[in-house]
Amino acid sequence: MTDLQFQNDLEKLIEILPEKVRKHITSDSMDDVIEIVLDIGRVPEIRHSSGEIEYLGKSKVTDEDISYITQRVQEFTSDNRSGIPGTLHRISAIKNRQGKIIGLTCRIGRVVTGTIACIKDFCMQNKSILFLGRPGVGKTTKLREISRLVADELGKRVVIVDTSNEIAGDGDIPHPAVGHARRMQVRQPEFQKDIMIEAVENHTPEVIVVDEIGTEAEAQAARTIAERGVMLIATAHGNTLENLIKNPTLSDLVGGIQSVTLGDDEAKRRASQKTVLEREKQPTFDIVIEILDRNTLAVYKDTAEAVDYILRGWPIRPEIRKVDQTYEHHQPTISDEINKLEQKIPESSDSLKFSFSRKDYVEGVKTFKKIYLYAVSRSIVEKVIERLDLNAEITRSIEDADIVIAHKNFAKGGAKVLSTANDYRLQIFYVKTNSMAQIQKVLKEALDVPETNETLRGYYDDAERALDEAKAAINKILAGAEHVELQPQNHQIRKLQHELVEQHNLESQSVGEGEQRHLRIVGGRDMKNKSA
């Protein structure tokens, strides 16, 4: 939307305000304004995006002022919302117990372009996308821009199911911000589910856009749409994917949750309780995007795998994307990366190929690039990065970071920087001391340096290589292998390997003679001849 279009829309809002409010407002002062608030008996307020509140004059709002505005806008719907035809502005009412309007919130509607450039590659994949995030972070803004992108640039038949005219504005003509997308208005919010189905049955859309899926019936309507092969772009109540999974009303959007009782062998293999939660069906949405703030998005590129990880308690980190950056190539899924790894890993001397499970992927694939340091020696980290030839760099801004490395002694007070890291879904790794050895160890863990990297072999001592081999063998056992035999090691190293195996509730024994003595790891706890 051009500046001229915004100014014209803004004038339409200012025109409905009483003179005593209007005289304090100028177009130039409204650039960062979110809303104008009028409550009976109080001075009118302007609220800026920075959080600043500005009072308009000294005169308090009266019944006549409220009536002046309500007579100049559309009739309020059951959700107490109205609007101004041809604009994106929203007027919301506060009523007393008798139904009389005693307050109004005039929310400024503006089109912000460029907010989806960083996820354009996902929007063009013909996959259903669900946006999550707290109120005010720009969910509806992104729906509006995606509607225009898919309708105009991709030439698809797009239908917007517009409850309370949030997306395409008030009036019979959709706002220019949605391009050539068609819009079906929803007279009352409780009819949204019906209009969603009607859109599919009557208007042959290729894409349906819906704002605020909030009931079980609407979730079922969304599944019906997806099962008919229609691309669905929507938002839902909830800040994070994990919260959505726990929401019994909306969990069906990501596959639903069911309780499953495992057999003894399977429970032992998973190292879990016998009763576990599992995903019930295929998710309605292929991709879930959490809007962390107006400039940062967290993308789960495969909803089914992400939900499975969360339910099993495995670590998973979404891909963080910044609004001011572009990403031209869609990165591969977890399955793609596992297949690549398995093709590259060489055969071991005992002809057993290392087997990576999906959990191994999260713990073992090198994906992180930028590091934020907290109370950790920058010079030592730089030396380790150079020495190990790591594909990483240090950043001074936590917003640009992929991971955080912090000194454990400085984390006890709940530092604000660590709280910010958690908000941005950043993994935090701790060093105990600022020594070269400790920092090197943590960096290799944080950057997921694989044991098969030939460049690093010269820096591994014998014990570290042997323990890495044991870890890989343990993962194979957890994935279902009956037993794995390791390379020969001396008594001290075998002892370390035994201890590592024991920590995973598995059994090992030393077999072979002389220089060929080595560990044999099995899946049960019933071996009685464990020796070192």
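Q: How many disulfides turn up in the whole structure?
A: Zero, from a search of the whole structure. Keep in mind that this is a predicted model.

Q: How far is the sulfur of Cys118 from the closest cysteine sulfur?
A: The closest one is in Cys123, at 8.8 Å, which is too far for a bond. A pair has to lie within 2.5 Å to count as a disulfide.

Q: And is Cys118 buried or exposed?
A: Cys118 is buried, with a relative accessible area of 0%. Cys106 is buried too, and its relative accessible area is 0%.

Q: Zoom out for a second. What does the secondary structure come to?
A: The protein has 17 helices and 23 strands. It has 532 residues, and 46% of them count as buried. Among contacts with a separation of 6 or more, 58% are between residues 24 or more positions apart.

Q: How do strand 14 and strand 15 pair?
A: Antiparallel, over five bridges, with strand 14 covering residues 287–293 and strand 15 covering residues 296–300. Asp293 stands opposite Thr296 in strand 15.

Q: What about the sheet of four strands?
A: That one is open as well, ordered 18-17-19-20, with parallel pairing. Strand 18 (393–394) and strand 20 (427–431) are at its edges with a single partner strand each, so one side of each has no neighbour in the sheet.

Q: Which strand does strand 19 join, and by how many bridges?
A: Strand 19 (residues 403–407) runs parallel to strand 20, and five bridges join them. Within that pair, Ile405 has Phe429 in strand 20 as its bridge partner.

Q: Which strands does helix 14 touch?
A: Helix 14 (residues 416–423) packs on the sheet and touches strand 17 (370–374), strand 19 and strand 20. The direction of helix 14 makes about 145 degrees with that of strand 20. Helix 15 (residues 436–446) also packs on the sheet, touching strand 17, strand 19 and strand 20, and its direction makes about 160 degrees with that of strand 20.

Q: Now a helix pair. How do the axes of helix 6 and helix 7 sit?
A: The axes of helix 6 (residues 192–203) and helix 7 (residues 216–227) come within 9 Å and cross at roughly 10 degrees. That makes helix 6 roughly parallel to helix 7.

Q: Which residues meet there?
A: From helix 6, Gln192, Lys193, Met196, Ile197 and Val200; from helix 7, Ala217, Glu218, Ala221, Ala222, Thr224 and Ile225. By class, the contact of helix 6 with helix 7 has seven nonpolar, two polar and two charged residues.

Q: Last one: why is strand 23 largely enclosed?
A: Strand 23 spans residues 518–522, and four of its five residues are buried, so the rest of the structure largely encloses it.

Q: What does strand 23 pair with?
A: Strand 21 (residues 483–485) pairs with strand 23 in the antiparallel sense over three bridges, and Val484 stands opposite Ile521. Strand 22 (residues 507–511) is joined to strand 23 by five bridges, also antiparallel. There, Gln509 stands opposite Arg520.

Q: And the turn between strand 22 and strand 23?
A: The hairpin has six residues between the strands, and Gly512 takes a positive phi near 90 degrees.

Note on methods:
Residues are numbered from 1 along each chain as its sequence is written. This is a predicted model: local features need pLDDT of at least 70, side-chain atom pairs count only at pLDDT 80 or more; totals for chains, interfaces and linings use all residues. Side-chain values use heavy atoms; hydrogens and water are left out. Buried means under 20% relative accessible area, exposed over 50%, partly exposed in between (1.4 Å probe, protein chains only). Helices (H or I, at least four residues) and strands (E, at least two) are DSSP runs, numbered from the N terminus. Two strands pair if DSSP finds at least two bridges between them. Axes are lines fitted to C-alpha atoms, for helices over the stretch in contact, and angles run from 0 to 180 degrees between N-to-C directions. Angles under 35 degrees count as roughly parallel, over 145 as roughly antiparallel, 65 to 115 as roughly perpendicular and the rest as oblique. Contact means heavy atoms within 4.5 Å. Ala, Val, Leu, Ile, Met, Phe, Trp, Tyr, Cys and Pro count as nonpolar, Asp, Glu, Lys and Arg as charged, and the others, Gly among them, as polar.
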